Amino acid sequence: MSRPRWSERLAVAQASRARSDALRRRRVVERVEGVHVVVDGQPLINFCSNDYLGLAGSLDAVSALQEAAAWHGVGSGASALVSGHHVLHARFEREAAEWMGYERALYFPSGYTANLAVLQALLDGGDLCVQDKLNHACLLDGARLAGAELKRYPHRDFGGALRQLQSMPEAAAVLATDSVFSMDGDVAPLRELALAATGEHALFVVDEAHGVGVMGPEGRGACAAAGLSARDVPVLVAPLGKAFGGQGALVFGGTPLIEHLLQSARPYVFSTAGAPALAAAMSANLETLRSQGWRRAKLASLVARFRRGALRHGLPLLESNTPIQPLVLGGNSRALAVARVLEQQGFWVAPIRPPTVPDGKARLRITLTAAHTEIEVDALVDVLASCLEDIDTGA
């Protein structure tokens with residue numbers, strides 16, 4: 001039997017994606033002014049960004065980044081354990097740990113690598129990792145990378161999580177969940193999961209990617225909103241590419257945990273440290289995020305306004321009170337058709353299709369930000385309602 005040809009395998013995979021309307025392509029963003037963008041030459045209002053608080057273009061952050069780059073350069077020069085850990089990284093870690101009420105914080109270049117690093121460093125073969133079925137791919141990949149026994153429970157089913165933990169009572173165990181689920185916009189039952197983890201002597205790990213900045217006192221996230229402390233959630237991961245308006249991630253924990261990650265988390269040990277100037281920008285946005293509570297208040301108001309309008313029109317929204325408002329449309333072709341019509345009307349809402357979501361659950365993942373206006377939100381609702389009616393009736 002001859003060895004398979006890679007060219008044939010790639011061609012078959014691409015043809016399969018094309019047949020199922022699953023081909024995805026990158027769009028070129030040419031200009032950004034808040035939520036107003038120019039994409040492939042077309043002016044659009046962006047309703048698919050995760051910049052929930054409108055901090056990606058913060059003048060304070062831009063100024064801090066420019067000044068830090070002038071003094072410290074663009075790159076860090078090496079991994080953190082060689083010569084890449086700069087004073088700006090250290091300052092940001094200290095400020096963030098104090099804000100979140102944790103002993104220590106560790107700064108990573110990305111949220112994906114932070115979750116890989118945490119689970120790879122904590123788990124070994126024969127250990128147990130219990131996760132929600134809708135967790136982000138990086139949490140699932142981290143458990144697989146570690147070689148642990150990965151058991152998944154039905155979405156938001158804390159009873160299922162408890163049963164999975166009890167299925168291997170002799171194994172060292174981690175219970176890991178997103179706080180806010182990125183495609184459905186709903187919130188994990190964090191208090192119940194924390195109790196299950198404590199009762200089963202499992203380490204509770206929470207990814208606050210879509211909760212931090214948006215929820216809780218001073219934007220400390222869904223865990224803080226649920227009344228949970230560092231004692232309840234010993235490992236908390238806070239990616240910075242959403243409400244923080246930047247890039248990277250912080251892992252919060254006690255000193256023994258952080259020191260263990262420093263020594264053994266391969267994505268941290270063997271990666272070039274993030275740009276010092278970006279850490280300075282994130283410090284500036286941390287201060288803004290803490291002090292400007294009006295951004296969260298406005299965002300919550302816009303979310304409520306969007307939901308009222310959408311439900312008044314009978315739009316098929318999932319239940320979510322977060323900035324993530326999923327409109328499930330079913331087939332890939334329908335999601336693509338609605339997204340095309342919206343773009344023609346000046347709105348950018350990217351269609352989300354498998355494998356990001358399950359087959360038959362293609363959707364528009366509408367995201368609201370503090371930079372939107374009530375007029376823009378109302379206009380989107382009206383266009384959505386008209387568009388769906390025209391597509392469904394074949395008009």
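This is a predicted model: local features need pLDDT of at least 70, side-chain atom pairs count only at pLDDT 80 or more; totals for chains, interfaces and linings use all residues.
**Exercise 1. Overall build**

*Solution.* Start with the elements. The chain holds 15 helices and 14 strands. Then check the extent. Along the principal axes, the C-alpha atoms fill a box of roughly 65 × 60 × 50 Å.

**Exercise 2. Burial, contacts and surface**

Determine what share of the residues is buried, and describe the contacts and the surface.

*Solution.* Count a residue as buried under 20% relative accessible area. By that cut-off, 51% of the 395 residues are buried. The exposed surface comes to about 18100 Å². Carbon and sulfur atoms supply 53% of that area. Last, the charges: 38 are positive and 40 negative, and their mean positions lie 5 Å apart.

**Exercise 3. Phe-47 and Phe-347**

Classify the aromatic pair of Phe-47 and Phe-347, and find which parts of the chain the pair ties together.

*Solution.* The structure holds six aromatic pairs, and this is one of them. The centres of Phe-47 and Phe-347 are 6.2 Å apart, with 45° between the planes. An angle over 60 degrees would be edge-to-face and one under 30 stacked. The pair is therefore tilted. Now place the residues. Phe-47 sits in the loop between strand S3 (42–46) and helix H2 (59–72), and Phe-347 in strand S12 (residues 347–348), so the pair ties together parts 300 residues apart in sequence. Both Phe-47 and Phe-347 are buried.

**Exercise 4. Trp-99 and Phe-244**

*Solution.* Trp-99 belongs to helix H4 (residues 87–100). Phe-244 lies in the loop between strand S9 (235–239) and strand S10 (249–253), 145 residues away. Trp-99 and Phe-244 are both buried.

**Exercise 5. Helix H6**

List the buried residues of helix H6 (residues 137–146), and say what covers them.

*Solution.* The buried residues are Cys-138, Leu-139, Leu-140, Gly-142, Ala-143 and Ala-146. Their cover includes helix H5 (111–122) and strands S5 (128–132), S6 (149–153), S7 (173–178) and S8 (203–207). Finally, look past the helix end. Gly-147 follows H6, with a positive phi near 80°.

Definitions and conventions:
Residues are numbered from 1 along each chain as its sequence is written. Side-chain values use heavy atoms; hydrogens and water are left out. Helices (H or I, at least four residues) and strands (E, at least two) are DSSP runs, numbered from the N terminus. Buried means under 20% relative accessible area, exposed over 50%, partly exposed in between (1.4 Å probe, protein chains only). Accessible areas come from the Shrake-Rupley method with a 1.4 Å probe; for residues, only the protein chains shown count as cover. Lys and Arg count as positive and Asp and Glu as negative; His and the chain ends are not counted. The place of a charge is taken as NZ of Lys, CZ of Arg, CG of Asp or CD of Glu. Rings of Phe, Tyr and Trp (its six-membered ring) pair if their centres lie within 6.5 Å; planes under 30 degrees apart count as stacked, over 60 as edge-to-face and the rest as tilted. Contact means heavy atoms within 4.5 Å.
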